[in-house]
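Morning, everyone. Let me put the structure up, and then we will walk through it.

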Number of protein chains: 2
Amino acid sequence: MDDKVLLGHGSGGVMMRRIIDEVFFKAYETEELAQGNDAADLPLPQNGERLAYSTDSFVVTPQFFPGGDIGHLAICGTVNDVATSGAIPKYLSAAFILEEGYPIKDLQRICASMAKTAKEAGIHLVTGDTKVVNRGHGDGVFINTSGIGFIPKGRHLGGQFCKPGDKILVSGTLGDHGITIMSCREQLSFTTNLKSDAAPLNHMIQHVLEAAPDVRCFRDPTRGGLASTLNELAEQSGVNMEIEEDSVPIHDAVRGACDMLGYDVYQVANEGKMVCVVAPDEADAALKAMKEDPHGKDAAIIGEVQPKEEGHASRVTLRTGFGSTRILDMLVGEQLPRIC
Amino acid sequence: MDDKVLLGHGSGGVMMRRIIDEVFFKAYETEELAQGNDAADLPLPQNGERLAYSTDSFVVTPQFFPGGDIGHLAICGTVNDVATSGAIPKYLSAAFILEEGYPIKDLQRICASMAKTAKEAGIHLVTGDTKVVNRGHGDGVFINTSGIGFIPKGRHLGGQFCKPGDKILVSGTLGDHGITIMSCREQLSFTTNLKSDAAPLNHMIQHVLEAAPDVRCFRDPTRGGLASTLNELAEQSGVNMEIEEDSVPIHDAVRGACDMLGYDVYQVANEGKMVCVVAPDEADAALKAMKEDPHGKDAAIIGEVQPKEEGHASRVTLRTGFGSTRILDMLVGEQLPRIC
């Protein structure tokens with residue numbers, strides 16, 4: 001096998017076959033992927049389930065970081081997006097845009113990581129694509145994944161279903177992923193114990209739904225962080241939301257980094273956390289189910305949904321330990337580019 | 001609206017909302033896309049249909065060329081891959097990797113083109129993603145699309161089903177797309193009348209299947225051209241294939257360009273052509289159905305499937321007008337990088 005990516009690896013010919021056989025197939029070993037046709041041909045459920053469908057591209061830099069790599073992220077991101085609908089994630093596509101000269105061994109490492117994470121999530125990689133761009137016109141490797149899941153009959157989750165009185169949960173500490181990537185990129189040493197939280201959360205979500213069927217929605221607070229996610233949900237449902245600062249789990253290292261660098265931790269990206277809005281009488285059950293999952297052990301109830309004031313836009317506020325409140329805004333510009 | 005892509009457009013915050021609302025939503029107007037959740041929630045057929053699923057990234061340069069643009073290509077490529085399975089293409093995802101500084105008006109033009117082609121194909125754009133990379137780390141715009149279609153019960157097409165005696169059809173002239181892109185990139189003037197053939201072929205495929213239900217497979221001879229496609233099919237089915245040179249439709253301008261530049265026209269990429277292998281007694285019906293479609297008017301029966309010699313690998317040969325034959329090999333290296 002060649003040791004670097006060459007333009008011919010994207011050619012549609014013999015060299016592309018070689019990279020597919022020796023890198024991608026070797027990593028994934030999926031029966032469906034080996035069909036060798038232009039589209040994967042797959043069974044569908046016939047019992048009233050619906051389709052969940054999502055896509056994400058990954059351009060994170062650096063591609064390897066404490067707690068993961070771009071491949072791990074590419075599986076987690078799409079699995080989590082599909083799972084937020086309450087679906088069981090089932091099929092995945094993966095498409096690579098490689099820069100000429102990228103080391104094949106790094107690509108193999110990324111693919112091995114994708115295969116491992118896909119296995120943990122129980123999702124099957126069934127179709128893929130490889131393109132190569134000339135040196136200087138890409139950045140090593142970009143990955144797109146799309147994912148398909150099936151939503152059980154009668155299950156309807158969505159950001160539009162939040163009601164005043166509902167409780168807001170988060171499945172763990174905020175900002176770990178964003179601050180890890182940033183400190184890795186800038187070679188800052190104050191965050192040596194910190195690692196990305198990227199994880200597939202579909203199993204946790206299913207456990208929460210079994211314990212608390214009246215969950216209104218899940219959402220993945222990735223780019224834009226918790227603040228942007230809550231603002232989106234509040235607007236979709238036409239409600240306000242209030243968060244108790246002291247209830248929000250945040251690692252000291254993340255808090256320290258944010259203070260020092262002037263980042264708002266509520267706007268920093270997470271890749272292995274889930275926001276969940278749930279009917280008040282099921283909030284404790286949802287919390288317990290989250291905490292029982294290895295990816296949810298630091299879960300907390302952090303706030304509640306409130307009615308929107310008439311004539312005003314939806315608003316998300318943060319109540320501090322001193323009793324004062326401040327508006328939690330959506331991220332406006334860009335805080336940390338290319339964190340996913 | 002800003003006139004150039006900024007890093008903040010990929011932030012997950014307010015600026016990303018703006019580009020989504022003002023560029024993407026404005027172009028597509030799909031109800032499903034406006035759901036605003038992490039995954040689209042979609043109905044599934046419940047009558048024994050199967051799922052067809054495919055993905056492709058598009059990195060073509062230049063992004064605008066005679067006969068199309070990267071957006072048109074991104075729809076056609078995935079629609080055609082899904083349609084080769086005999087599926088009716090239904091849902092599409094679109095994910096953009098934009099380079100900081102890319103003109104918003106070009107992006108709008110690309111999106112308008114995508115919306116138009118999706119409408120022609122009858123496919124719904126239901127989920128998307130936007131990432132921005134810093135200047136010098138991408139190349140304007142890369143697009144990934146993935147597509148979902150539903151395969152009618154009892155329909156089983158695939159490259160593994162070709163049998164000796166089957167006829168091989170192609171839906172029109174070869175090499176138009178590859179040579180158009182190349183001449184556009186190199187500013188060659190001998191091909192002024194030439195344009196890309198990129199087109200969604202799903203309706204044509206359905207008409208062929210109605211007329212000739214014993215079609216074994218369709219395949220899209222994109223990267224690697226007809227030669228690579230036929231070699232793939234021959235190998236999947238364990239057969240040989242023979243093509244009659246004089247039957248293969250090729251534009252004079254393409255033939256001239258290939259002669260001059262030393263390209264093998266059988267290895268040049270097409271984006272709006274379909275190879276079809278069909279049972280011998282249905283070949284004429286399949287041809288007639290192709291020719292009745294605006295994208296198939298130059299269709300032709302170009303060869304047939306033959307038994308493989310025992311102990312040898314599958315082989316594709318070309319019989320010339322003089323009666324001699326030559327091996328038609330898979331493309332090995334890269335002839336024309338970034339043509340799709």
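At what angle do helix H2 and helix H3 of chain A pack, and how far apart are their axes? Helix H2 (residues 70-83) and helix H3 (residues 104-121) of chain A pack at about 30 degrees, and their axes are 7 Å apart. Hold that thought while I say what we are looking at.

This is a predicted model, in which local features need pLDDT of at least 70, side-chain atom pairs count only at pLDDT 80 or more, and totals for chains, interfaces and linings use all residues. Residues are numbered from 1 along each chain as its sequence is written, chains are lettered from A and ligands numbered from 1 in the order in which they are written, and side-chain values use heavy atoms, with hydrogens and water left out.

How confident is the predictor? Chain A averages a pLDDT of 93, and 99% of the residues score at least 70. That score is the predictor's confidence in each residue, from 0 to 100. Where pLDDT is low, the predicted coordinates should not be read in detail. For the complex, the ipTM is 0.94 and the pTM is 0.94.

Now the two chains. A rotation of 180 degrees, with 0.0 Å of shift along its axis, superposes chain A on chain B with an RMSD of 0.0 Å. The two copies are thus related as by a two-fold rotation axis.

Helices here are DSSP runs of H or I, at least four residues long; strands are E runs of at least two; both are numbered from the N terminus. Axes are lines fitted to C-alpha atoms, for helices over the stretch in contact, and angles run from 0 to 180 degrees between N-to-C directions.

So H2(A) and H3(A) are roughly parallel to each other. Under 35 degrees counts as roughly parallel, over 145 as roughly antiparallel, 65 to 115 as roughly perpendicular, and the rest as oblique. Their crossing is right-handed. Right-handed means that the near helix is turned clockwise from the far one by less than a right angle; left-handed means anticlockwise.

Who touches whom? H2(A) brings residues including Ile70(A), Ile75(A) and Val79(A), and H3(A) brings residues including Ile110(A), Met114(A) and Ala118(A). Contact means heavy atoms within 4.5 Å. By class, this contact has nine nonpolar, four polar and no charged residues. Ala, Val, Leu, Ile, Met, Phe, Trp, Tyr, Cys and Pro count as nonpolar, Asp, Glu, Lys and Arg as charged, and the others, Gly among them, as polar.

Next pair. Helix H4 (residues 176-185) and helix H7 (residues 252-261) of chain A pack at about 60 degrees, with axes 10 Å apart. H4(A) and H7(A) are therefore oblique to each other. Their crossing is left-handed. Asp176(A), Ile179(A) and Met182(A) in H4(A) meet Val254(A), Ala257(A), Cys258(A) and Leu261(A) in H7(A). That contact of H4(A) with H7(A) has six nonpolar, no polar and one charged residues. In chain B, H4(B) and H7(B) also cross left-handed.

Last, the backbone. Most residues other than glycine have a negative phi, and most peptide bonds are trans. Thr61(A) and Pro62(A) are joined by a cis peptide bond, with omega about 0 degrees. Pro62(A) sits in the loop between strand E2 (50-58) and strand E3 (64-65) of chain A. A cis peptide bond also joins Thr61(B) and Pro62(B). Arg338(A) has a positive phi, near 55 degrees. Look for Arg338(A) in the segment after strand E14 (325-327) of chain A.

How values were computed. Least-squares fit on C-alpha atoms with pLDDT ≥ 70 in both.
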